[in-house]
Amino acid sequence: MQRILTALLLTATPVAAQDVADAIVPEGAADSTATAFDDLPDRVQRALEAKANGNPTEAQDWMVAAANPLAVEAGAKVLEQGGSAADSMVAVQTVLGLVEPQSSGLGGGAFLVWYDAETGELTTLDGRETAPLAATPQLFLNENGEPLEFYDAVVGGRSVGTPGTPALMQEAHDKWGNLDWADLFDDAITHAREGFAVSPRLASLVAEDQDRLTRFQSTADYFYPNGTPIAAGDMLTNTAYADTLETLAQDGARAFYTGEIAQGIVDTVTGAEGNPGVLDLVDLAIYDVKERPAVCAAYRDRDVCGMGPPSSGALTVGQILGMLDTFDLSEMGPQDPEFLLLLGEASRLAFADRGEYMADSDFVPMPTEGLVAPAYLESRSGLMGGAEALQEVSPGAPEWSHAMEWGTDQSIEFPSTSHISIVDAEGNVLSMTTTIENGFGSRLMAPGGFLLNNELTDFSFATHEDGDPIANRVEPGKRPRSSMAPTIVMQGDAPVLAIGSPGGSRIIGYVAQAIVNHVDFGMNIQQALGAPHAVNRFGTYDLEEGTDMAEAQGALQEMGYETSITELTSGLHAIEITEDGLRGGADPRREGVAVGQ
């Protein structure tokens, strides 16, 4: 029991274990926290210990990595029974929606990247939320035509898009599942009815968000029973969620989009006091998952592949790596100022393109192929390599199939989200990033026991810049741009890595840097995820507090960068696929784990 507690405490941040304990475990909660995962198999305990020691989990047949041990064990059971990676994902996602409701769930959306072992093909599923048909470009403007403050838009029904996660779960199972759909919900239903131990991370986030979580009564009743915030180790039940899952298990995901569940969602959104939304039953009834081609960019002798528009993840990660590809990083180190200068410049140039061009390509023309064309990235990398930071960066001029002039995006993307990586015994690989956007989403709890997203605030609040329309503005039925970057790295015709992270727009930097750590600096996959972060998006260099990376501040300032020492709580989960077997890692900053056999 004690070793589980120690491993859990070591997972929160890369600083000292006692500092972690003081930071994330409320006084008096240690004993209850120690029993949180007491009933899980030894394989979970061993994996937690490996993670705490900076070592990857190793396996031969299958592996699953996700953000909570209860969810990982649910997915592992499915794989153990001969289930596919798609089957396992359903089990993992439904448990995550219960035990980590601040990050993802039935009321949100997801992007999934899939490698099919039988055909050797890569594809992606777009389960992103959509704007209601009644939404207009002025949705997030006040009566004077000015953008709303972020949380004024977030909290309530205005920010809720049509959820996509249940439909994506069904679509993935229909395409690639081995086991009966109804059997994939068992662990989540059991935990919801019988109770699960609240994790330190959930308890901490609930305590920090009291003003917003108590705005609506049903949400307050769940997270603040009797007016007191749930605490680490408390046993929490959610019978409404169990009922919803039983309905989905029996009737399929379409039961979410019609009938009682759908009506409950719409009533909650349109009845949100002070900030109602415009979601309608028609929006739910017409929702569909879209299969899209993967977007790939060359890096070293690999192809880094992921989700294309409406996600900016694969394009921007691909651009960063493509620009770095012209430099020999292996002669540097992960905290070498010369490397950090190159990483910062590549990131800034990529984010300039992201702000100008990237949005839902079903609604706006996009130079998708041009943005990751080797010749274009080589021309952009030619701007790099000086001794100082670029004074200004601006969007480039990638090749278009047809041209369009856009204004610069003004959306705000705050971190939350969760990532799942799975490899099954047949060799199928799944990388899926799943979210309700901001922590706890819109703070609206549907009658079915799940939180609703605030995904519409990923649109640009402003509609135009200097007379030019902004590509990522709100439009009816449109999917907001995302930074989610579920990734599968290919070498030759075979997958060698599944990786992704939560973190808002910092996701892009987290994933790119982890790949460089692994490929160029030779770190094992667990070390690559736990290494200190340095992230640059819009000019200021964010350096991870409490780590050695903060020591680079002086050198970066001398190069001309503004710097910020800040918390960078990624949630990377990755599985390396080798000829000798599987190696998995989970971010030491959170409670996740990689388990395999």
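At 6% relative accessibility, Arg-380 counts as buried. Buried here means under 20% relative accessible area, exposed means over 50%, and partly exposed lies in between (1.4 Å probe, protein chains only). The model is predicted: local features need pLDDT of at least 70, side-chain atom pairs count only at pLDDT 80 or more, and totals for chains, interfaces and linings use all residues. Residues are numbered from 1 along each chain as its sequence is written, and side-chain values use heavy atoms, with hydrogens and water left out.

Arg-380 forms a salt bridge with Asp-353, with 3.5 Å between the closest N and O atoms. This pair links distant parts of the chain, since Asp-353 sits in helix α18 and Arg-380 in helix α20 (residues 374–381), 27 residues apart. A salt bridge is a side-chain nitrogen of Lys or Arg within 4 Å of a carboxyl oxygen of Asp or Glu. Helices (H or I, at least four residues) and strands (E, at least two) are DSSP runs, numbered from the N terminus. Asp-353 has a relative accessible area of 0%, so Asp-353 is buried.

Arg-380 is also one of the contacts of Met-323, among residues beyond four places in sequence. Others include Ala-346, Leu-349 and Met-384. Contact means heavy atoms within 4.5 Å. Met-323 belongs to helix α17 (residues 313–324). Its relative accessible area is 1%, so Met-323 is buried. The C-alpha atoms of Met-323 and Leu-342 are 8.8 Å apart, and the two residues are separated by 19 residues along the chain.

The structure holds 29 salt bridges. One of them joins the side chains of Asp-187 and Lys-77 (3.2 Å, N to O). Asp-187 lies in helix α9 and Lys-77 in helix α5, so the pair ties together parts that are 110 residues apart in sequence. Lys-77 is partly exposed, at 32% relative accessibility. Asp-187 is among the buried residues of α9 (residues 186–194), together with Ala-188, Ile-189, His-191 and Ala-192. The cover over these residues includes α5 (69–80), α6 (85–99) and α13 (239–251). Gly-195 follows α9 and has a positive phi, near 105°.

A network of salt bridges links Asp-126, Asp-288, Lys-290, Arg-292, Asp-362 and Arg-479. Asp-360 is buried yet has no salt bridge; Arg-292, the nearest side chain of opposite charge, is 4.3 Å away. For charge, Lys and Arg count as positive and Asp and Glu as negative, while His and the chain ends are not counted. Asp-360 is found in the loop between α18 (337–357) and α19 (368–371). A polar atom of the Asp-360 side chain lies 2.9 Å from the backbone nitrogen of Asp-362.

A search of the whole structure finds 1 disulfide. It is formed by Cys-296 and Cys-305, whose sulfur atoms are 2.1 Å apart. A disulfide is a pair of cysteine sulfur atoms within 2.5 Å. The torsion about the S-S bond of Cys-296 and Cys-305 is about 115°, so the disulfide is right-handed. Cys-296 is partly exposed at 35% relative accessibility, whereas Cys-305 is buried at 2%.

How values were computed: A polar contact is a pair of N or O atoms within 3.5 Å; within protein, one must be able to donate a hydrogen and the other to accept it, and residues adjacent in sequence count only if both atoms are side-chain atoms.
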